Amino acid sequence: MARTREFDLDAAVDAAMDVFRRKGYEGTSMRDLSEATGLGSGSIYAAFGSKDGLYLAVLDLYRQRYATPMVDLLRSGNDARAVIREVFIGSVDDITGDGRHLSCLIVGASMERAHQDVRVADRLRSTTQSLEAALYDLLAEAQLRGQITSDRSATDLAGFLVTSLQGLRVMGAINPDRAALTRYAEVALTCLD
């Protein structure tokens, strides 16, 4: 009879996320993952198949925890400028808020893994496309109502804003200066004028 798992998979994925955000994929060893999760490598392999399997589970949790609430906020039907500003300032808060300065897993995975693992690339593409689609819908509606500029297409504005959000995360990893990142966010938002 097979032995049942005696650990919480979600807690293990959550603990692994912290390690991958601090050390990146390549910098994270199975020993690091075992120490963080409290699981032996055998249990990690049994639950996730491999370090890659755990990493994919981490990417899924990251999307659920960070991207999905952003998409939900963008789809809330509130004022486009206010909501987009809230997304940007929320990102600045996330970058600088807890003092740990953990890197964005999407940015890290894009640079480190997307070019060599199609499963990672697909997850990242899906995550950024969902954010871009939510922005597009919000922007197109705001343009129809005359609330923001129609000088640029909603498609281009949405793509630019996603790019700017990711750029903030990159710059925040280099220099997590809240005041500077807030200024940069405000400059990005001028594209709506």
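**Aromatic pairs in a predicted model**

The structure, a predicted model, holds four aromatic pairs.

Student: Is the pair of Phe 20 and Tyr 55 stacked or edge-to-face?
Tutor: The ring centres of Phe 20 and Tyr 55 are 4.8 Å apart, and their planes meet at 80°. Planes over 60 degrees apart count as edge-to-face, so with its angle of 80° this pair is edge-to-face.

Student: How many residues apart in sequence are the parts that this pair ties together?
Tutor: Phe 20 belongs to helix α1, which covers residues 9-23, whereas Tyr 55 belongs to helix α4, which covers residues 51-74. The pair therefore ties together parts whose separation in sequence is 35 residues.

Student: Is Phe 20 buried or exposed?
Tutor: A residue under 20% relative accessible area counts as buried. Tyr 55, its ring partner, has a value of 2% and is buried. Phe 20 has a relative accessibility of 2%, and therefore counts as buried.

Student: Which residue has its charged end over the ring of Tyr 25, 3.9 Å from its centre?
Tutor: Ring pairs link Tyr 25 with Phe 20 and Tyr 55 into a cluster. Lys 51 lies over the face of Tyr 25, at 4.2 Å from the ring centre, while the charged end at 3.9 Å belongs to Arg 113.

Terms used. Residues numbered from 1 in each chain as written. Predicted model: local features only at pLDDT ≥ 70, side-chain atom pairs only at ≥ 80, totals over all residues. Heavy atoms only, no water. Phe/Tyr/Trp six-rings, centres within 6.5 Å; stacked < 30°, edge-to-face > 60°. Helix = DSSP H or I, 4+ residues; strand = E, 2+ residues; numbered from the N terminus. Buried < 20%, exposed > 50% of the residue type's maximum accessible area, 1.4 Å probe, protein only. Lys NZ or Arg CZ within 6 Å of the ring centre and 35° of its normal.
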